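Subject: Structure handover and notes

Hello,

Here is the structure I said I would pass on. Please open it first and keep it beside you while you read the notes below.

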Amino acid sequence: MELSAKGLAADTVRKIVQAFASGIEAAVEDGLIPRSPARGVPLPKAERHEMRFLDVDQVYRLADAIDPQYRAFVLAGAYAGCRFGELAAWRVGRLDMLRRKVTIT
């Protein structure tokens, strides 16, 4: 595939194709094109890499190295297992300091 030849990662190529797929299918359904030009195009295999995790010392070094206003996010992400999007969605109303509870939605 040409995108792979240009150095794009397999996952990036797959996401690009998926993004265009709904528009292409809509064009087929509307009769604008007879069939999807992407049909039968082989997609690159997604590469899986071993996940790496920080140890306790690395988490605290990271938390100490960044702007202090983000320290709680690093620690919460590391110890609550939150992803960035979950951390970014936190609101004051979801934090219950008395019960030591955070609601993640």
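Start with the rule for aromatic pairs: rings of Phe, Tyr and Trp (its six-membered ring) pair if their centres lie within 6.5 Å, and planes under 30 degrees apart count as stacked, over 60 as edge-to-face and the rest as tilted. By this rule there are two aromatic pairs.

Before the details, a word on where the values come from. This is a predicted model, in which local features need pLDDT of at least 70 and side-chain atom pairs count only at pLDDT 80 or more, while totals for chains, interfaces and linings use all residues. Residues are numbered from 1 along each chain as its sequence is written, and side-chain values use heavy atoms, with hydrogens and water left out.

Buried means under 20% relative accessible area, exposed means over 50%, and partly exposed is in between (1.4 Å probe, protein chains only). Helices (H or I, at least four residues) and strands (E, at least two) are DSSP runs, numbered from the N terminus. Contact means heavy atoms within 4.5 Å.

The aromatic pairs

A pair of aromatic rings is described by the distance of the centres and the angle of the planes. Tyr 60 and Tyr 79 form a tilted pair, at 6.2 Å centre to centre with 40° between the planes. Tyr 60 is in helix α3 and Tyr 79 in helix α4, so this pair ties together parts that are 19 residues apart in sequence.

Phe 73 is partly exposed at 35% relative accessible area, and Trp 90 is partly exposed at 24%.

Helices α3 and α4

How do the axes of α3 and α4 cross, and at what angle? They come within 8 Å and cross at roughly 160°. (Axes are lines fitted to C-alpha atoms, for helices over the stretch in contact, and angles run from 0 to 180 degrees between N-to-C directions.) Angles under 35 degrees count as roughly parallel, over 145 as roughly antiparallel, 65 to 115 as roughly perpendicular and the rest as oblique. The two helices α3 and α4 are therefore roughly antiparallel to each other.

On the α3 side, the contact involves Val 56, Val 59, Tyr 60, Leu 62, Ala 63 and Asp 64; on the α4 side, Arg 71, Val 74, Leu 75, Ala 78 and Tyr 79. These residues divide into nine nonpolar, no polar and two charged. For that count, Ala, Val, Leu, Ile, Met, Phe, Trp, Tyr, Cys and Pro are nonpolar, Asp, Glu, Lys and Arg are charged, and the others, Gly among them, are polar.

Helix α4 covers residues 71–80, and Val 74, Leu 75, Ala 76 and Gly 77 in this helix are buried. The buried residues of α4 pack against α3 (56–65) and α5 (84–88). After α4 comes Gly 81, with a positive phi near 75°.

Glu 86 lies in helix α5 and is buried, with a relative accessible area of 19%. Leaving out residues up to four places away in sequence, Glu 86 touches Gly 81 and Ile 104.

The loop between α2 (10–29) and α3 holds Ser 36, Arg 35 and Leu 54. Is Ser 36 buried or exposed? Ser 36 is buried, at 6% relative accessible area, and touches Ile 24, Glu 25 and Val 28, again not counting residues up to four places away in sequence. Arg 35 is partly exposed at 44% relative accessibility. The C-alpha atoms of Arg 35 and Glu 25, ten residues apart along the chain, are separated by 8.2 Å. With the same exclusion of residues up to four places away, Leu 54 touches Val 59 and Leu 62.

Last, Arg 100 lies in the loop between β1 and β2 (101–102). Arg 100 is not a glycine, yet has a positive phi of about 50°, and Arg 100 counts as exposed at 78% relative accessibility.

Regards
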